Amino acid sequence: MNAPLPLTDTQLREVQALDAAHFLHPFTDHQALARRGARLITHAHGVHIWDARGQRIIDAMSGLWCVNVGYGRQALADAAYRQMMTLPYYNAFFQTTTEPAVRLAARLCELAPPVGGRAFTHVFFTSSGSEANDTNVRLVRRYWDLMGQPQRKIIISRRNAYHGSTVAAASLSGMAAMHAQGDLPIPGIVHIEQPHYWALRHEGETPADFGRRAARWLEDKILELGPERVAAFIGEPVQGAGGVIIPPETYWPEIQRIVERYGILFISDEVICAFGRLGHWFAYERFGTQPDLVTFAKGVTSGYVPLGGVLVNERIARVLIERGGEFNHGYTYSGHPVACAVALANLDILEAEALPQRVRDDTGPYLARRFAELTDHPLVGVAESCGFVAGLMLVRDKATLQPWPEAWEVGMICRAHCFDSGVVMRAVGDRMIIAPPLVMTRADIDAMIACIRTALDKTW
Ligand code: PLP
């Protein structure tokens with residue numbers, strides 16, 4: 001690793017001033033940024049990042065849920081270098097192709113187990129999860145047009161879901177703050193409630209009963225709209241950016257029953273949850289669902305280069321290819337050879353180090369145990385995890401676990417203490433969340449829990 005020297009105060013202030021003056025950041029309050037100066041991250045290795053002052057921090061968020069194999073992987077840099085020197089770019093439009101894209105598409109189809117007797121036979125590549133979900137909107141509407149049911153246009157999503165930030169993906173997302181800017185959602189996208197047991201349970205209701213009731217909100221919405229108008233349902237297996245909302249085990253089987261009953265397409269948005277994060281290559285394996293389309297991004301390259309896409313099952317692929325002619329959709333970087341070469345090397349690492357299995361059988365259960373211990377802290381009402389995503393619910397009253405309106409402010413304070421204590425954690429509403437690199441060891445987990453506990457103590 002080429003570790004740069006820590007910056008002097010003057011050097012750091014110069015970068016922060018340029019940052020505030022010129023860089024319009026995503027999802028950032030720029031007045032606060034200008035006041036405080038952004039934290040400058042300079043390098044990273046394994047599960048750690050370093051800031052410009054030389055502080056080492058455990059990255060319990062894997063960047064933005066993406067650095068699955070950890071930082072500093074020579075094999076990924078080598079794959080990018082080799083591909084750049086051989087063929088840095090060529091497009092996949094108009095009857096041309098490149099070998100890394102072909103090999104990656106085939107490899108992903110091989111990794112994704114068939115469901116409901118149908119294989120995933122094709123992949124559409126994008127550069128991001130947002131573009132992949134935009135692709136889904138076009139794919140499902142095109143499919144129904146070709147099936148002679150053009151009135152099937154509506155896609156049902158869930159409140160507090162995150163499916164991306166382009167206009168269509170932000171519409172699929174169920175974030176009120178995003179919809180408030182720019183007249184979203186676009187027509188044809190509607191939302192139902194999320195399966196958030198702690199926020200929406202009835203008094204005395206078990207998680208199992210709540211899971212079934214929450215799934216039936218989908219059936220209610222389909223019947224309200226008219227089943228013949230509904231094209232698809234989209235959901236994240238575990239809602240990530242919404243605060244690591246883990247649905248009860250009864251939820252997904254009931255959703256599966258409903259989508260089958262009404263013959264609507266099912267999109268599993270696995271941008272966070274695939275590539276080992278839930279202890280499986282794909283999250284639909286964890287919950288036993290049978291999606292028609294699977295959105296992926298992030299972990300496919302462990303974030304080393306941008307790449308996303310959609311896995312398409314044979315039912316849809318056959319209709320598109322045999323009846324569809326040209327699908328008028330695509331991106332300059334669909335199937336970018338460097339991104340695909342890095343993805344192949346990344347899958348090699350995930351496979352060679354058996355990281356999905358390790359999360360499922362060893363480090364995931366260990367994280368769950370250590371994380372659950374945090375419920376002895378006065379600020380923590382609930383601590384739950386699924387594989388390598390986990391969330392703490394901050395409460396004022398541990399006996400009732402009643403919603404706490406000020407919790408988001410407490411979360412922001414806690415997040416700052418986390419950074420100072422040596423761990424990156426994210427605050428979302430009343431929840432503090434993590435999604436560590438899959439290479440995290442038991443010793444790393446112990447160190448991370450110690451930092452989180454210190455931060456909680458400072459917040460309390
Ligand atoms: N879908 C999910 C579930 C996500 O979590 C994200 C990003 O966090 C996206 C889609 C959008 O991906 P991207 O930021 O690569 O556009």
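## Ligand surroundings

In this predicted model, the ligand is surrounded by 15 residues, and the closest are Ser128, Gly129, Ser130, Gly164 and Val271. By class, the shell around the ligand consists of five nonpolar, eight polar and two charged residues.

Among the secondary-structure elements, helix 6, which spans residues 129-146, gives the most to this shell, with three residues.

## Domain arrangement

The chain is divided into two parts: domain 1 comprises 39-69 + 354-459, and domain 2 comprises 78-352. A distance of 26 Å separates the C-alpha centres of domain 1 and domain 2.

Across the boundary, 28 residues of domain 1 are in contact with 23 residues of domain 2. On the side of domain 1 that touches domain 2, at least two residues each come from helix 3 (62-65), helix 15 (355-372), strand 11 (380-386), strand 12 (389-394) and strand 14 (431-434). Helix 15 gives the most to this side of domain 1, with five residues. The residues on this side of domain 1 divide into 19 nonpolar, six polar and three charged.

## Packing of helix 6 with helix 13

Helix 6 also packs with helix 13 (residues 314-323); the angle is about 65° and the axes lie 10 Å apart. The crossing of helix 6 past helix 13 is left-handed.

Helix 6 contributes Leu139, Arg142, Tyr143 and Leu146 to the contact, while helix 13 contributes Ile316, Val319, Leu320 and Arg323. Six nonpolar and two charged residues make up this contact of helix 6 with helix 13, with no polar residues.

## Packing of helix 10 with helix 11

Helix 10 (residues 207-225) packs with helix 11 (residues 251-262) at an angle of about 20°, and their axes are 8 Å apart. Because angles under 35 degrees count as roughly parallel, helix 10 is therefore roughly parallel to helix 11. Helix 10 passes helix 11 in a crossing that is right-handed.

On the helix 10 side, the contact is made by Gly211, Arg212, Ala214, Ala215, Arg216, Leu218, Glu219 and Ile222. The helix 11 side supplies Tyr251, Glu254, Ile255, Ile258 and Tyr262. Sorted by class, the residues of the contact of helix 10 with helix 11 are eight nonpolar, one polar and four charged.

Key: Residues are numbered from 1 along each chain as its sequence is written. This is a predicted model: local features need pLDDT of at least 70, side-chain atom pairs count only at pLDDT 80 or more; totals for chains, interfaces and linings use all residues. Axes are lines fitted to C-alpha atoms, for helices over the stretch in contact, and angles run from 0 to 180 degrees between N-to-C directions. Helices (H or I, at least four residues) and strands (E, at least two) are DSSP runs, numbered from the N terminus. Angles under 35 degrees count as roughly parallel, over 145 as roughly antiparallel, 65 to 115 as roughly perpendicular and the rest as oblique. A crossing is left-handed if the near helix is turned anticlockwise from the far one by less than a right angle, and right-handed if clockwise. Two residues are in contact if their C-beta atoms, placed from the backbone, lie within 7 Å. Ala, Val, Leu, Ile, Met, Phe, Trp, Tyr, Cys and Pro count as nonpolar, Asp, Glu, Lys and Arg as charged, and the others, Gly among them, as polar. A residue is near a molecule or strand if its C-beta atom, placed from the backbone, lies within 6 Å of it. Domain bounds come from an automatic or database domain assignment.
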